[in-house]
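I opened this model to look up a few things in turn and to write down each one as I went. My entries follow the order in which I looked.

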Amino acid sequence: MYEFTLTNSVNNAVQRLCRQTGWRKIRRVMVKVGGMRNVNPELMAFIFAAVSKDTPAEGALFSVMLLPVTVKCHSCGKVSAREDSDFSCPLCGSKNVQILSGLELNIEALEVESNNFNYD
(Lines give C-alpha, C1' and ligand atoms only; values in the text may rest on other atoms or scores of the structure.)
Protein backbone atom coordinates (compact mmCIF):
# COMPACT_ATOMS: atom_id res chain seq x y z
CA MET A 1 0.00 0.00 0.00
CA TYR A 2 1.78 3.10 -1.34
CA GLU A 3 -0.26 5.52 0.79
CA PHE A 4 0.92 3.76 3.96
CA THR A 5 4.58 4.42 3.11
CA LEU A 6 3.99 8.09 2.33
CA THR A 7 1.74 8.70 5.34
CA ASN A 8 4.08 6.90 7.71
CA SER A 9 6.93 9.11 6.46
CA VAL A 10 4.86 12.20 7.24
CA ASN A 11 4.05 10.85 10.70
CA ASN A 12 7.71 10.08 11.38
CA ALA A 13 8.68 13.64 10.39
CA VAL A 14 5.96 15.10 12.62
CA GLN A 15 7.07 12.97 15.58
CA ARG A 16 10.69 14.01 15.02
CA LEU A 17 9.62 17.68 15.06
CA CYS A 18 7.71 17.09 18.31
CA ARG A 19 10.80 15.64 19.97
CA GLN A 20 13.02 18.47 18.70
CA THR A 21 10.69 21.34 19.62
CA GLY A 22 8.83 20.11 22.68
CA TRP A 23 5.42 20.35 21.04
CA ARG A 24 3.00 18.38 23.18
CA LYS A 25 0.05 18.13 20.81
CA ILE A 26 -0.48 18.29 17.05
CA ARG A 27 -3.95 19.53 16.17
CA ARG A 28 -3.72 19.60 12.40
CA VAL A 29 -1.42 18.36 9.64
CA MET A 30 -1.74 19.56 6.06
CA VAL A 31 0.37 17.98 3.33
CA LYS A 32 0.80 18.80 -0.35
CA VAL A 33 1.09 15.81 -2.65
CA GLY A 34 1.97 15.96 -6.34
CA GLY A 35 -0.43 14.45 -8.85
CA MET A 36 2.12 11.94 -10.17
CA ARG A 37 1.99 10.19 -6.80
CA ASN A 38 -1.63 9.21 -7.55
CA VAL A 39 -2.72 8.97 -3.90
CA ASN A 40 -6.09 8.62 -2.24
CA PRO A 41 -6.38 11.50 0.29
CA GLU A 42 -9.10 9.75 2.33
CA LEU A 43 -6.96 6.64 2.64
CA MET A 44 -3.99 8.74 3.76
CA ALA A 45 -6.14 10.39 6.46
CA PHE A 46 -7.33 6.96 7.64
CA ILE A 47 -3.75 5.67 7.76
CA PHE A 48 -2.54 8.75 9.62
CA ALA A 49 -5.15 8.18 12.31
CA ALA A 50 -3.80 4.65 12.76
CA VAL A 51 -0.04 5.38 12.69
CA SER A 52 -0.32 8.44 14.95
CA LYS A 53 -2.14 6.53 17.71
CA ASP A 54 -0.50 7.06 21.14
CA THR A 55 1.62 9.96 19.81
CA PRO A 56 1.24 13.75 20.11
CA ALA A 57 -0.50 13.68 16.71
CA GLU A 58 -3.25 11.29 17.79
CA GLY A 59 -6.60 12.78 16.80
CA ALA A 60 -5.07 15.47 14.58
CA LEU A 61 -6.99 16.58 11.52
CA PHE A 62 -5.06 15.34 8.49
CA SER A 63 -5.69 16.97 5.12
CA VAL A 64 -4.15 16.50 1.70
CA MET A 65 -3.88 19.15 -0.99
CA LEU A 66 -3.36 17.52 -4.38
CA LEU A 67 -1.10 19.45 -6.74
CA PRO A 68 -1.32 19.18 -10.52
CA VAL A 69 1.48 17.86 -12.69
CA THR A 70 3.10 20.87 -14.35
CA VAL A 71 5.04 20.57 -17.61
CA LYS A 72 7.09 23.01 -19.67
CA CYS A 73 6.94 22.46 -23.41
CA HIS A 74 10.27 22.82 -25.20
CA SER A 75 8.47 23.20 -28.54
CA CYS A 76 6.09 26.10 -27.79
CA GLY A 77 7.63 27.31 -24.52
CA LYS A 78 4.39 27.24 -22.53
CA VAL A 79 4.02 25.97 -18.96
CA SER A 80 0.79 24.13 -18.26
CA ALA A 81 -0.85 21.83 -15.74
CA ARG A 82 -1.95 18.29 -16.55
CA GLU A 83 -4.83 16.49 -14.87
CA ASP A 84 -3.89 13.13 -16.36
CA SER A 85 -0.71 11.12 -16.93
CA ASP A 86 -0.35 12.13 -20.60
CA PHE A 87 2.97 13.92 -20.51
CA SER A 88 2.52 15.92 -23.67
CA CYS A 89 1.85 19.62 -24.07
CA PRO A 90 -1.91 20.21 -23.84
CA LEU A 91 -1.50 23.27 -26.07
CA CYS A 92 0.56 22.05 -29.04
CA GLY A 93 0.64 18.27 -28.46
CA SER A 94 4.44 17.99 -28.38
CA LYS A 95 5.99 15.20 -26.33
CA ASN A 96 9.12 17.35 -25.86
CA VAL A 97 8.25 18.47 -22.32
CA GLN A 98 10.02 18.85 -19.01
CA ILE A 99 8.13 17.87 -15.86
CA LEU A 100 8.36 20.79 -13.43
CA SER A 101 6.22 19.47 -10.60
CA GLY A 102 4.09 16.51 -9.62
CA LEU A 103 6.19 14.40 -7.25
CA GLU A 104 5.96 16.64 -4.18
CA LEU A 105 5.32 15.32 -0.69
CA ASN A 106 5.56 18.27 1.67
CA ILE A 107 4.25 19.04 5.11
CA GLU A 108 2.65 22.37 4.27
CA ALA A 109 1.25 23.35 7.67
CA LEU A 110 1.05 22.15 11.26
CA GLU A 111 -1.17 23.44 14.01
CA VAL A 112 0.48 22.59 17.32
CA GLU A 113 0.43 23.13 21.08
CA SER A 114 3.64 23.56 23.02
CA ASN A 115 4.17 23.73 26.75
CA ASN A 116 4.33 27.53 26.64
CA PHE A 117 2.56 28.72 23.51
CA ASN A 118 -0.02 27.74 20.92
CA TYR A 119 1.18 28.04 17.33
CA ASP A 120 -1.27 28.30 14.45
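The entries below cover the ground rules, a helix, the cysteines, a pocket and some single residues.

**Ground rules.** I am working with a predicted model, in which local features need pLDDT of at least 70 and side-chain atom pairs count only at pLDDT 80 or more, while totals for chains, interfaces and linings use all residues. Residues are numbered from 1 along each chain as its sequence is written, and side-chain values use heavy atoms, with hydrogens and water left out.

**Helix H1.** I took helices (H or I, at least four residues) and strands (E, at least two) as DSSP runs, numbered from the N terminus. H1 covers residues 2–21, which is 20 residues, and spans 29 Å from its first C-alpha to its last, close to the expected 28 Å; the expected span is 1.5 Å times one less than the number of residues. For burial I used relative accessible area, with buried under 20%, exposed over 50% and partly exposed in between (1.4 Å probe, protein chains only). The buried residues of H1 are Glu-3, Leu-6, Thr-7, Val-10, Asn-11, Ala-13, Val-14, Gln-15 and Cys-18. I then asked which elements the buried residues of H1 pack against. They pack against strand E1 (25–34), helix H2 (41–51), strand E2 (61–67) and strand E6 (105–113), where contact means heavy atoms within 4.5 Å. Just after H1, I found Gly-22 with a positive phi of about 85 degrees.

**Cysteines.** How many disulfides are there? Counting a pair of cysteine sulfur atoms within 2.5 Å as a disulfide, I get zero. Cys-89 is in no disulfide, and its nearest cysteine sulfur, that of Cys-76, is 3.8 Å away. Cys-89 is buried at 3% relative accessibility, and Cys-18 is buried too, at 6%.

**Largest pocket.** I searched a 1 Å grid over the protein atoms alone, where a pocket is an open set of points with protein on both sides within 12 Å along at least five of seven lines, and lining residues have an atom within 4 Å of a point. The largest pocket has a volume of about 230 Å³, the volume being the space filled by probe spheres set on the points, with grid points joined across faces, edges and corners. Its lining has 13 residues, of which Gly-35, Met-36, Asn-38, Val-69 and Glu-83 are the closest to the pocket centre. Asn-38 sits in the loop between E1 and H2, is exposed at 66% relative accessibility, and has a positive phi of about 50 degrees although it is not a glycine.

**Loop between E4 and E5.** Is Ser-88 buried or exposed? Ser-88 lies in the loop between strand E4 (79–82) and strand E5 (97–101) and is buried, with a relative accessible area of 6%. Leaving out residues up to four places away in sequence, Ser-88 touches Val-71, Arg-82, Gly-93, Ser-94, Lys-95 and Val-97. Lys-95 belongs to the loop between E4 and E5 but is exposed, at 60%.

Phe-46, in helix H2, is exposed at 62%, and its C-alpha is separated from that of Phe-62 by 8.7 Å. Asp-54, in the loop between H2 and E2, is exposed at 67% and has a positive phi near 65 degrees.

Note on methods. 1 Å grid on protein atoms, 1.4 Å probe; cavity = no way out; pocket = protein on both sides within 12 Å on 5 of 7 lines; lining within 4 Å.
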